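Open the model in your viewer and follow along. Each stop names a selection and says what is there.

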Amino acid sequence: MFYSVATEGGFSKAARKLFISQSAVSQSISQLEENIGARLFIRLARGIRLTKEGEILLEHVSPALEKIRTAEKRLEDMSGLESGKLTVSASDTFCMYLFPGLLESFIKSHPGILMNIANKTSSETRALLENGEADIGIVNLYGKKYDNLKIWKEYTIHDCFIIKKGTLKKKKAKLSVIEIAQFKHIMLEKGTSTRAHIDKYFNDKGIEIEADIELGSVELLLKFTARGMGVSCIAREFLEKSPYKDMVEVLPAQSQVKQRSIGVVTLKGIPVSKAAEALLGIIMEEQ
């Protein structure tokens, strides 16, 4: 009310702007002056004039109200998806092979949203969600309990062993687990859900497998395998979208690696932002 009276130049004008009675404005200003212990306006025959104290108060009130208006505008823009920030935590593999088209579609539809992709393991992604540092996570659901996460969509992936094309001189109908274990193996580093999944495949058959080469990404696994440096285990879904797919071939195996699931998740009990809601909508609509 003080700001309106000061900028409009009178009590009646301020009352019309605020859609309240002039007496309500006058009473509020009198109460303000009493609380502050200083007179803020000099009433004139035509309008008002700020006192020195009133000028000082207006000098501080004006930028404060401008900040409030700016905050309101930003919140309004976020509600309309014209601005804001969205953090998605996932491994580079998931983003590269499962979601590039979806992310591209979201960014084109909402160019004002700042998209941040955090390249994290499933365990790290869970921690970011729990700490409020990520809005959406893409995690490997195999062998994990995620009771505090809401699964919006689940993808099934099928792992297979691959080798450089042309390496096998004699084709066999099927290779046993023991025969596969005898190859030189290129594997992801320990500590990842994918590595634990492959280790379990061999352990369940009573075989302790050690990596001959350990790498930090599926892309490197494919690259090294295509160069003939050993055998690696890759999800068929990733292999089909890889530029190296024509340079490798799938090993025929008697025993298939158990399928596993990838989940698009958020933290249970926490409302998702408008930006996260929009991206989840695109993901859910995908066939």
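**Stop one: an aromatic pair**

Select Phe 11: at 9% relative accessibility it counts as buried (under 20% relative accessible area; over 50% is exposed, in between partly exposed; 1.4 Å probe, protein chains only). This is a predicted model, where local features need pLDDT of at least 70, side-chain atom pairs count only at pLDDT 80 or more, and totals for chains, interfaces and linings use all residues. Residues are numbered from 1 along each chain as its sequence is written, and side-chain values use heavy atoms, leaving out hydrogens and water.

A search of the whole structure finds six aromatic pairs (rings of Phe, Tyr and Trp, the last by its six-membered ring, with centres within 6.5 Å; planes under 30 degrees apart are stacked, over 60 edge-to-face, the rest tilted). The ring centres of Phe 11 and Phe 41 lie 6.0 Å apart and the planes meet at 70°, so this pair is edge-to-face. Phe 11 sits in helix α2 (residues 11-18) and Phe 41 in strand β1 (residues 41-43), 30 residues apart. Helices (H or I, at least four residues) and strands (E, at least two) are DSSP runs, numbered from the N terminus.

Now include Phe 2. Phe 2, Phe 11 and Phe 41 form one aromatic cluster.

**Stop two: a helix crossing**

Select α6 (residues 100-109) and α12 (residues 274-285). Their axes, lines fitted to C-alpha atoms over the stretch in contact, come within 10 Å and cross at roughly 135° (angles run from 0 to 180 degrees between N-to-C directions). Show Leu 102, Leu 103, Ser 105 and Phe 106 of α6 against Ala 275, Ala 278, Leu 279, Ile 282 and Ile 283 of α12: these make the contact (heavy atoms within 4.5 Å).
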